[in-house]
Amino acid sequence: MRILLSLFLLFAVSFSGQAQTRHWAFQKPVRPAVPKVKRATWVRNPIDAFVLKGLEKRALSPSPSADKITLLRRVTFDLTGLPPTPQEIASFLADHSPNAYATRVSQLLNSPKYGERWAQHWLDVVRFAETNGYELDAERPQAWRYRDYVVRAFNEDKPYNRFLLEQIAGDELAEKSFETRVATGFLRAGARHVVSGNQDEAVNRQEWLTEAVNGIGNAVLGLTVGCARCHDHKYDPISQKDYYALQAFFSATDDYEYKRHSDEELQKYEAQIKAHGASLKPLEAQVGAIEKPYYERLRAEKVSRLEPLYKQALLTPEKMRTPEQRVLAEHAGTFTNISWDEMLAALTPSDKERRANLRKQLHKQEQEAPKPIPAALGVSEVHQPIPVTHILVRGEPHVFGATVNLDFPTILKPARLPHTGGSHAVTPEYLATLQLRDLAQAATGRRLALAQWLGQADHPLTARVMMNRLWQTYFGKGLVRTPNDFGLNGERPTHPELLDWLATEFVRQGWSLKQMHKLIVMSNSYQQTSASDAQRNRIDPENRSLWRQNRRRIDAEGLRDSILSAAGTLNLEMGGESIRVPLEPEIVDTIFTESEPDNLWSVDPDPKQHTRRSLYLVRKRNVRLPLLAVFDMPDRMLSCAARGQSVSALQSLILLNSPFMQEQSRKLAQSLLQSQSQEEPRMRTLFLRTLSRPPTNHEKQATTRFLRDQKRILTRRGEPEAEIAVWADLCLAMFNLNDFIMIR
Amino acid sequence: MNEHNNSLPLAYSRRDLLLRAGSGFGGLALASLLAEEADAQDRKLKPEPRKAAKSVIFLYMVGGPSQMETFDPKPELERLQGQPMPKSFGSTIKSQFLTAGTPLLGSAWKFAKRGQSGIEVSDLFPHIATCADDLAVIRSCYTESFVHAPAMYQMMSGRTTMGHPSMGSWVTYGLGSASKNLPAFCVLPQPEGLPEGGSPMWDSAYLPAVHQGTILRSGSSPILHLKPPAGMSREQQRRLLDYVKEMNEQTLTPDGTDLSARIASYELAFRMQQSAPEAIDVRRETAETKTLYGLDDAKSAEFGTRCLLARRLVERGVRFVQLYSGGGPVSVQWDAHDNMLENHGKMAGMTDKPIAGLLKDLKRRGLLESTLVIWGSEFGRTPVSQNGKGRDHNPNGFTMWMAGGGVKAGTVFGATDEIGYRVVQDPVHIRDIHATILHLLGLNHRQLTFLHNGRNERLTDFAGQVIQKLV
C-alpha cells in the first residue's frame, strides 16, 4: 500500500513538474502593451488602463474620485503616516489649480516623514527589532542605526536594487562605508537565541543561517524558501539542494561589529567609562553596607542548617579539601547563596526603603553612562577558510548529506550572470570577476554575487514582489494577495499584466520607488471613492477588480502618531537612539528576569521624547506597548507582510481608559481652549485636527448636546475645571470615532 | 434590549461568524471579516460526532517538575542511588548545565497506589492523590530542547522558536468565544513574575490579535485599562459612549461591517467593565469551597485563589485558561537544580490542595466533563543529580496528566526506562499532546490551519497524532 502511494506521489510530482516550471512568477516579467479601453477619458496613466480593462471585462465601471478633503487625508496618511494638519487642509482646499493634487503629492514625497512612513513597512517585512528575543531578550545597542539607514534610503530615493545590494553585501562593496556596513544589519535583524549553559554550536550556527536565508526569501524573493530546509518544497520547485546552495552564499558570514572611532576618541571614551563606574561606587557601597549584616546572618543560618558532610567540607580550608570535599564545598556554596528575594524578605521595612531609594538613584546614575562609541551592527566574512556547506538531512544540524556549492535556485536561474553575460553557474571564476570590479578586501564576493543577481533587471521576483508591497499599502490588498508567497501555493495576481507593467516600469525608472509611488497615487484608480454601491458590490463583493478604493483602518503606529499630531504634542525629531516611553506597570511586570525587578524599564528622562513618532520607540521583541499591540502591531519574530485588522473590546478599553489617551485628550482640549473662545469655531478646529474635515450639521447638533450634557454632569459633581474636562471628554470621544481610525 | 441578539463575541473567528451568519450583527460582520481574512484559508472544520470539551485549564508548572518525584515511581533508581548511571541507559547525560557524569539520585518521596485505578502518586501530592481515578497520566512525554524558553514555546506553541500562535490562541481561533463579556483566553500568572518564556507563551502571533491571551490580575482592574480613569464617573462615561455611538452611526455605510463591529466593541467594553471584576471576585464563594481550594492556608491561598478563579472563568464561558505555578525569582519555580526536597516541597505545598480542590469542585458542579484540565511543564528532570541534591533538565522523558474533558480517567499511558531518563514505551511528543487536546475539543489538528507567509500553519506543524487510548 505504501509503495503504491509513493509511486502515485512520484507520478503526481513529475506530472506537476511542468506546471511548476511554467508558474508565472518564475518567468521574467515582460512589459505588456497598455490595453485599449472604451472609457479612455478615465485613464490618467497606464495603471488606470489596466484596471479599467479588468472592470470593462466584468461590465463594471470605476467609481468617481473621492472628494478633495478625503483624498488629501488618504494620500497624506499613505505617504507620511500622519493626517494633514488644518493648515495643510486649508491651503489644499484653497488651491484651485488643476495641479493642486500633483503639487501636494510631490511635497509629501519630499517630506522626510515619507521615509519614516515607508521605513516602517520595510522594517515589518525584515522583522527588525532591537533585542534578541527569547527569554533573555537582550538589547542590541545601536541597532537603531539600521532603522535610520532605512529611513534615509527611502528619503534619498536610493534605487531599490542598490538598497538591496547595501543590505546584503554592504561590507563587500569597493566603496564600502560605515553606512553600508550598518545596512547589513538587515542580515541580522531576526531573533536569536542566546542563553547560558551547554551550547550546541552547530545548532546555533544553523539558526543564524536560517534567519539570514529566510530573511531574504521572505523580504526580497517573496518565496517560502524556508520550507526546503528540511525537505524539497511541497509546492514550489525548490529542492533541498537549492536551499543549501542559497545558504552557501552565507557560509562565511557572521555577525560583526564595526567600530568607528579615532584612538583619541577611544581613550576619551574609556576614561569616561572609568569615571562613570567610579561615580557609581559610593552608592553601591551604601547598598552593600545595608545588606552586609543581613547577608552574614542569612548565610550563617544556611551554613548551620547544612548537613554535617557539607558543613565540614565548607569549613575545611580550600587547599586542604579532599577531591570529594571540593565537590561538596561547591554544592554547599550553592546551597548557601543568598538570593535577592531572600534579602528583600529579611530586610526591616526601613532598611528596605533606604535600600530601594539608593538603588533607584543608582539606576538613574546608570542611565547617564557615556554614549557608546559608534558601531555598525553588521556582518562580515568571519569564518575563514570558508566552511563547506552540506545538505542537512531533515534539516538536522548534525546529519550531513551531500556537499553543495553556492548557487541560485535552479528555477530562478538567469540566462546570464551580471558582468559576464556567460554561463550561469556561480563558480570561483565568476566570483573572481566580481573581485575585479567591486570586491573589497577580506570579502569573498559571495553575498555580493547574490545581491547583484537579485538586482538584475530581468529577475523574475525582485521588482514584482516590491511593487506588490507598494500596491498593497495603497489599496489594502496586494495584486498578489499573498505578499510573501509568490509560489504555486500563493494566490494568482488579480491583475497579472498590471503587476508586470509596474515591475518593468520600476526597472525602467532606475528602481526609483518615489517615481512608482507617484505613479500609483496619481492614478484615477487610487483616487476613487471608497463608497460602496449595492449593484457593483453584488458583482464583485471582494473588490478584486478595484471598482472602488478600499476603506482601511489606520495601523497601530499611525494611530498613535495621529493622536499625538491632533493633540499638537507630536515631536517630529528624526532618528537616533530609540525611546522608552512610560509603560503600564502591568506590562513592565511581564518582562522576564530572575534578578531583582526594580530596573526593567528605564523610561527616557526627557518627557519631550515620549511623544516622538512610534517608529522611534524601542522595539523590544517580548514587550510591545499595549496600545500598539492591541491594534495588530506585529511581534517581529517572523516577517510580517500584511498587518492584521482586528476589532476587539480591548481596543476600546485602551482608547477610552488608558492614561495616554487621557493625557492627550486633555492636551488637545487645552490647546483648543487657548486658541478659540467660541464653541463653534473651536468645534470646527477639533474636527479638522482629528477627522480632517469640518462637522456636518447633524454632528454639530449632536456635539453641542454632548457638551451640554457633559457640562451638566460635571458641574453637578462640582468639577473645578468643568470647561476643560468637558472638552477633554469631547476630544477623547473624537479619538474613538470610526472616522478618526479609518482611512476612507 | 435583548442582550443575546446584541451580543458580540470578544474574539471573532471566521467560524464563529459563519455560525452566526444571518442573525443580527454576526451576519453583518461576516462579510467584513471574510474580506479581512481573505488570506486565511477556510479551515473546513467538521463537527466531531461526539461530545467535546468546551474549555481548557492548563495548570502549568514552570521550570520542570521531576517525574520520579511525582507520578513516575522508579524503584530501580532508589536502588542505584549514589552510583554512576549504568552504561545500559545510554551515554553520560548532557543537559543544559550537567557535563560530567554525576551520580544517580533516588526520589525524595515515597509512592503508593491510589484509588480504584491504583495509579501511583507520590506523597508529595497527598491531595491530588485522592483524585487519581480522574487522571490520565502520560509518563512518556518527550520534547526537543533542554533549555526552558524554547521548551516552553514548544509546549505552548508547538515549536522551539518564537513567533507562532499559542495553543490558547489556536483554540479560540477554532472555537470562538462562548463568553459575551470576558476574554476567551485568559492568563493567570504567578504574582511574583512570569515564566521565562514570557508573553510569546500566550501570543496570537500571526493569528488575529483578538486571539491573544489576556492577563487577568487580582484587584479591581483585572484587565489592563478596564477601569475608567479616576474622575470619569459611570454616568459621564455612558454619555460619552452614547455620543460616540451616535456619531459612528452617522457615518455608517451599508457595507460597513468593519464599522459596525467597532461600534459593537464599545458596548462590549462597557459590559466587560462590570462583568470582569464580578468574575474574579471570589469573596462570595462559600467557606467550604474556599477551604476546598486551600484558601484557609497561607501557603496555598494564592494559588488556590487562582484555581478558584479558573473555575469561575470556565463557568462563564472562557475557553482557555493558562494558570502558572511559578515565575519570577528562581526560588518560585519548579526548577530544582539544587535541592529536590526543599524546592518541590515548597512548590507542591502551594499547589497540591488547590489543584485537588479544582478537580473536585469541577466534578461536583458537572463541569469536569466539559473542562479539560492539563497538568504539565516544559520538560522533566534528570535521574542523575546536580549540585548533590538537585536535578537538571530532562526533555527525554517526563510526565503530564489530563483530567476531565472526555479524557479516559484512571489510566496510565507510556513508560520511561527504569531510572526515568528516556521514554521506552508509547512515546508522546508535544505535538501528540496538542493533537489530543484539540481532538478532545472537537477540533482536528490537521484542519485547524492558518495560511501565513505561504504555508498552512498549524499548532502541530507537520506531525502529531491523537493518543487514541486516552480519548
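Begin by selecting chain B, which has 12 helices and 17 strands, where helices (H or I, at least four residues) and strands (E, at least two) are DSSP runs, numbered from the N terminus. What you see is a predicted model, in which local features need pLDDT of at least 70 and side-chain atom pairs count only at pLDDT 80 or more, while totals for chains, interfaces and linings use all residues. Residues are numbered from 1 along each chain as its sequence is written, and chains are lettered from A and ligands numbered from 1 in the order in which they are written.

Of the 471 residues of chain B, 64% count as buried; a residue is buried if 20 or more other C-beta atoms lie within 10 Å of its own, exposed if 12 or fewer, and partly exposed in between, with C-beta atoms placed from the backbone. Among contacts in chain B between residues at least 6 apart in sequence, 76% join residues at least 24 apart, a contact being two residues whose C-beta atoms, placed from the backbone, lie within 7 Å.

Next, select residues 380–386 of chain B, which form strand 9, and note that seven of its seven residues are buried. Which residue of strand 10 is the bridge partner of B:Arg381? That partner is B:His393. The two strands form a hairpin with three residues between them, and B:Asn387 in the turn has a positive phi of about 50°.

Then show both chains together, where 75 residues of chain A are in contact with 70 residues of chain B. Several helices of chain A each supply at least two residues of the side that touches chain B, among them helix 14 (323–335), helix 30 (697–716) and helix 31 (722–735).

On chain A, pick A:Asp341, which lies in helix 15 (residues 340–346) and touches B:Pro329 and B:Ser331, not counting residues up to four places away in sequence. A:Asp341 is partly exposed, because 19 other C-beta atoms lie within 10 Å.

Finally, select helix 21 (residues 513–522) of chain A, whose buried residues are A:Leu513, A:Met516, A:His517, A:Ile520 and A:Val521. Seen down the axis of helix 21, these buried residues fall within an arc of 125°, so they line one face of the helix; the arc is that of the directions from the helix axis to the C-beta atoms.

Note on methods
Two strands pair if DSSP finds at least two bridges between them.
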